[in-house]
Amino acid sequence: MKKRLLAMLLAGAMVFGLAACSGGDQGSAETPSSPESTAPAGETTPAGDEAKTIKVGMVCIGDENDQGYTYNFMRGVEEATAQLAEQGINVEWVYKTQILEDSGCEDANIELADAGCQIIINNSYGFESYMLKVAPDYPEIEFISCTNQASAVDDLANTHNAFANIYEGRYLAGVAGGMKLQQLIDEGTITAEEAVIGYVAAFPFAEVVSGYTAFYLGAKSVCPSVTMKVKYVNSWSNASEEAAAAAALADEGCVLISQHSDNTTPATAAQDAGVFHCGYNNDMTGVAPESSIISCRVDWAPYFVYAISAVANGEEFAQDWTAGYADGSVKLTTLNEAIAAPGTAEALEAAEAELADGLHVFAGPLSGHPAQDPDGEVWSIGEGEYFAESDLSQEGGLSAPQFCYIIDGITEE
Amino acid sequence: MEGTSAIQLKGITKRFGSVVANDHIDLDVKRGQILSLLGENGSGKTTLMNMISGIYFPDEGHIFVEGKEVTIRSPKDAYALGIGMIHQHFKLVDVFTAAENIVLGLEGKGRFDIRSAGRRVKEISEKYGFDIDPDKKVYDMSVSEKQTVEIIKVLYRGADILILDEPTAVLTPQETEKLFAVLRNMRADGKAIVIITHKLHEVMALSDQVAVLRKGRYIGTVNTAETNPQALTEMMVGRAVSLNIDRPEAKYKDLRLEVKGLTCRDHEGVKTLDDVSFQAFGGEILGIAGIAGSGQKELLEAIAGLQHVEAGSVLYYPPHPNSDIAGYHVPVDRNGEELVGKNPTQIRKVGVSLAFVPEDRLGMGLVAGMDMVDNMMLKTYREHKGPFVDRKAPRALAERLIEELEIVTPGVSTPVRRLSGGNVQKVLVGREIDSTPTVLMTAYPVRGLDINSSYTIYGLLNQQKLKGVAVILVGEDLDVLLELCDRILVLCGGKVSGIVDGRGTTKEEVGLYMTHVGGGKEAAQDA
Amino acid sequence: MHNGEKTPLIRLAKRESMPAAAQWGIRIAAILLALVVGGLVILISGNNPVQGYATIVEGALGKTSGIRQTVKNFIPLLGAALAIAPCFKMRFWNIGAEGQITAGAMCATYFALFWADRLPQVPLLLIMCAAGAVGGGIWALIPAFFKARWGTNETLFTLMMNYIIIGVVKWLQGGPWEKIPRGSQQIEQFASNACLPRVAGVYCGWIIVLVLTVLMFLYMRYTKHGYEIAVIGESENTARYAGMNVGWIIMRTMFLSGAIAGIVGFLLVSGANNTLYSGVANNAGFTAITVAWLAQLNPFAMVGISALLAVLQKGADTLNTQMSIPVSLSDVITGVLLFFMLGCEFFINYRLIFRGAEERQARKEAAKS
């Protein structure tokens, strides 16, 4: 009996231990009542209009502490809440954080639907297939999947996709990076051939490929001799892997690191290696002041304001949505003047103006092979042609990035 | 000093759940005396002594050492009071030497001096007549040597009240004599000694006083000189008991098993049985004697098909056509059927059954947590066709056994763990007998039983023998083997050291065979 | 002992047995105590405990959709507990149910992905189920074989096997089985003929596990196999003496255990998730250990315990959503409840004796008589 009891306690302890371990990745909840994320009720009620309250649920892959992907969403939430309050719309946010891209996401969607949310936002690409399993059961609730593409084309009226033209931001960040490389060449610190960018990438996947290609093209527009090496870490978020990849790229002679992954470790690794860095999602000059030149990010506030106010006013809203730099949905963080090349600010201004004028980032002549298939059929476009990325005005255009070719000048590792 | 009380117990009570193991026990142990604590198994002897040595804590009562009331909460407290206990199961570290084991766990200041410890061990040995090499490793020692180490360990710690729990259970008659000599020396030195035992002749031979316990109660203390075994048995059992064991002659005696050159090794490659040859006859009880671990268990297991046999053969011959058991089993070759190579189920079908009572009684023949019904079908459950078990037949058998063998149990659905030792063994032996074996092998069937139950079991074995069954009995108590068996086979180190006639041999002769292969004969010639 | 100072303050004594009513009394007291402690946790998190518990119950059982989610949680828990029951009865510590579920899920998924276009629903589901059973069974058989052959430690072995198979699925997820376009690290959602139909709003796995419960009860109680398992669990030596082939029985039982776990894996991929991923077992294989022990390996009791845990799981999720209590705190509440439930078995088997209590008791009895 004694033995049995011991075994039971052991089993119990084990289970607790496991529960404790799993607690870490399944996560903790946000406090929606935290002052910065919710507009205090009744603070700003414009005269004449009765205040409406919309309950919005958000399924997050990380949480506000990740200083990257989900943090960027939280900033959008904050901004949108403030703007909507001015329109007389109160937003009550409910979060499910640290949700994995598995059936836990389905549970989170059901949970939020049952909690009375009128809009449910899924912030990660892998959530969509699970969101789509829940959406048919709740036709009165609007489901939004960010960065994905199936909701736009399915036959459900209550599912939506949205993604900003982050490639424009990447292009601009690339301009800032390229300016630095050209400065190094001009000063004789490196030769023209040594202007190599190292890119820490999550997966060989359109959103990522489109992003780094835009970054490369931005750099190339001001530094014609630049080339780029891409290293995949096969994870959206793995701080140590990302740092290791950045350090390895610096070792291989890359003098500028950029990234499409969720952590700030590539920036710190770049600083440790004495090379420069352009970030994503978040201003990384705080963690790497001697290295990080600029970052680009999506500002979700415009979309949130658009979607939530549509629901509040009982209007339809687009099943697929995109907006770019000119619309304020893509932003650059403050340029790190201390280390940026002289004239960067001017170059950025010029590039921004070109984008506003309708400059196509993926403009010919370009050629390359499909990502993940080096022996695949060579893809190319000629002078004057362009690849219409995230262009909803095109037939079959989607907000989600589609450019998935490895163009000349970029090598995958 | 001599004759004064060393330790006194007043009204000591200990309960385990609803069981009262010790019920208001009084005891007085004097200096310079040997007190035998006599009682049947389960009478509470060991529990009582465990309270003195700090292993259990009494629920009620008082303990006085040298006339002063004390509280003994741990073995350490007991040592501090000069109380040392030698348990049945030794607590020694195998890879240490005798001296290292003796000083192990002692708190000392500064560097530990093993050499001076060795000297003191020698002194103690010489003083009381122990025969020990302080530098010998425990794994090289015989059981008797290990016991010596345990005793010295206790003396080394300054004990002058010694408690020995069944010290002779594992010893040969010769070793027992040696131990008794040592104990007498210690008595002469003024130590107070308690030996726990249930062997009457030892009580008579050694002690000055006998305290008797029965079912947890204190019956009384008598001077050994003023009593006799019959009177002590009555105190122990509570009524008059005949101490003679029957040894009837069977009508038919025929060759049943012929074991030739049987050799087995354990998984470390050590020979456990070495060229064992003997014959067993129907209508006969063949006793197997030997010091513990001489290959008794392996021999029975090898015959039952439970041990891998390296060499040799076991031939089985069917019973005499006129015996009661003839015709019960599958007819086999008159010229002998080889059993080696058959699996346990096949061997059992032939009629060779094994009832092994291990040291903890339960665990090999019976499943402690299961009820009688489930235990009845342990070896026969496969015989029913289909994937399901049939509990009807075993239930009937269980009910019959309860009636026939007077098994005391609340019912057939009570786990056998709840049954008392004697009843457990009746269940086990009863089940084996019910399969109408032609060879009944049983090991330690009376282990831990009270006198009455032991006699019931002896009666069952005799009954089988008279039916024409070949009974093979591994026993611990030489006195019983000598009275019960027709022949006694003595094992020593896995070899057959001698086979003697139960009616004509002596304890000393068997004892010599137990320690020396063939040594018995030489010694007999010397004498 | 008069010298009260020296008597140990608390002693433990084994209980002989206890009336069933008293046992249930202790269990109920333990649960009440657990609720009080859990309530303190809710209180510390800044919420009203009563409201907290109400939210748990309402979240899990209040709405149809809540009940469905609870049942969804319940299925793998009960299934995995049933799977490990025969092993534990045999005292073979199979803590690899997690991996066996995953292995079964993987094998079932193979057919869902590559045979769905060739087979109609019923045969496809049957084949997936069989594949799951075989996959889980083989995954369990490996440690059993090593145990039977070389006496390896099954606890470590089965535990390690979990990590291997989870790694394999991770690789499939990001490699050969990844859906197109690549990069999602996800396997395609199954075609509809590879999905288990729903009954009463939840995939029909709940019927399957309830049927398995009855079958497992019959297997353990009335079959020769069940008998052999019980004997080995009590004493391997006895089993050997009874002529049982212990190694063979260990392997057979582990295969069965793994096969049931594999079927649970099939239920999860085909019913609950309609796809495969490395975390498909979602700790059910481990939580099942608690379920099995609390139920004392009785399949019917497992139904109740799994249901309770499923309610807690779902309730904790709702607590997190509605009252913003972090999931980790909800886990603490579940943990407290389990701890008290496991701990109360100790008090059923042992009793504490406080210093002097017995003397008082004795005096009381003396006064009575």
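This report describes a predicted model, beginning with chain C and then turning to the domains of chains A and B.

## Basis of the description

Residues are numbered from 1 along each chain as its sequence is written, and chains are lettered from A, with ligands numbered from 1, in the order in which they are written. Because the model is predicted, local features need pLDDT of at least 70 and side-chain atom pairs count only at pLDDT 80 or more, whereas totals for chains, interfaces and linings use all residues.

## Chain C as a whole

Chain C contains 14 helices and four strands, where helices (H or I, at least four residues) and strands (E, at least two) are DSSP runs numbered from the N terminus. Its C-alpha trace spans about 85 × 60 × 35 Å along the principal axes. Of the 369 residues in chain C, 53% are buried, a residue being buried if 20 or more other C-beta atoms, placed from the backbone, lie within 10 Å of its own, exposed if 12 or fewer, and partly exposed in between. Among the contacts in chain C with a separation of 6 or more, 78% join residues 24 or more positions apart; a contact here requires C-beta atoms, placed from the backbone, within 7 Å.

## A helix pair in chain C

Helix H4 (residues 97–114) and helix H5 (residues 121–150) of chain C have axes that come within 7 Å and cross at roughly 145°; the axes are lines fitted to C-alpha atoms, for helices over the stretch in contact, and angles run from 0 to 180 degrees between N-to-C directions. The residues that meet include Gly99(C), Ala103(C) and Phe111(C) in H4(C), and Leu124(C), Gly132(C) and Trp139(C) in H5(C). By class, the residues of this contact comprise 18 nonpolar, six polar and no charged, with Ala, Val, Leu, Ile, Met, Phe, Trp, Tyr, Cys and Pro counted as nonpolar, Asp, Glu, Lys and Arg as charged, and the others, Gly among them, as polar.

Not counting residues up to four places away in sequence, Ala288(C) touches Leu77(C), Ala80(C), Ala81(C), Ile84(C) and Ala97(C).

Ala242(C) lies in the loop between helix H9 (236–241) and H10 of chain C, and Ala242(C) is buried because 27 other C-beta atoms lie within 10 Å. With residues up to four places away in sequence left out, Ala242(C) touches Leu378(B), Lys379(B) and Val231(C).

## Domains of chains A and B

Chain A is divided into domain 1 (44–162) and domain 2 (166–297 + 331–412), with bounds that come from an automatic or database domain assignment. The centres of these domains, taken over C-alpha atoms, are separated by 29 Å, and 13 residues of domain 1 are in contact with eleven residues of domain 2. On the side of domain 1 of chain A that touches domain 2, helix H2 (69–86) and strand S5 (159–162) each supply at least two residues.

In chain B the assignment gives domain 1 (5–237) and domain 2 (254–526), whose C-alpha centres lie 34 Å apart. Their contact takes eleven residues from domain 1 of chain B and 16 residues from domain 2 of chain B.

How values were computed:
Contact = placed C-beta atoms within 7 Å.
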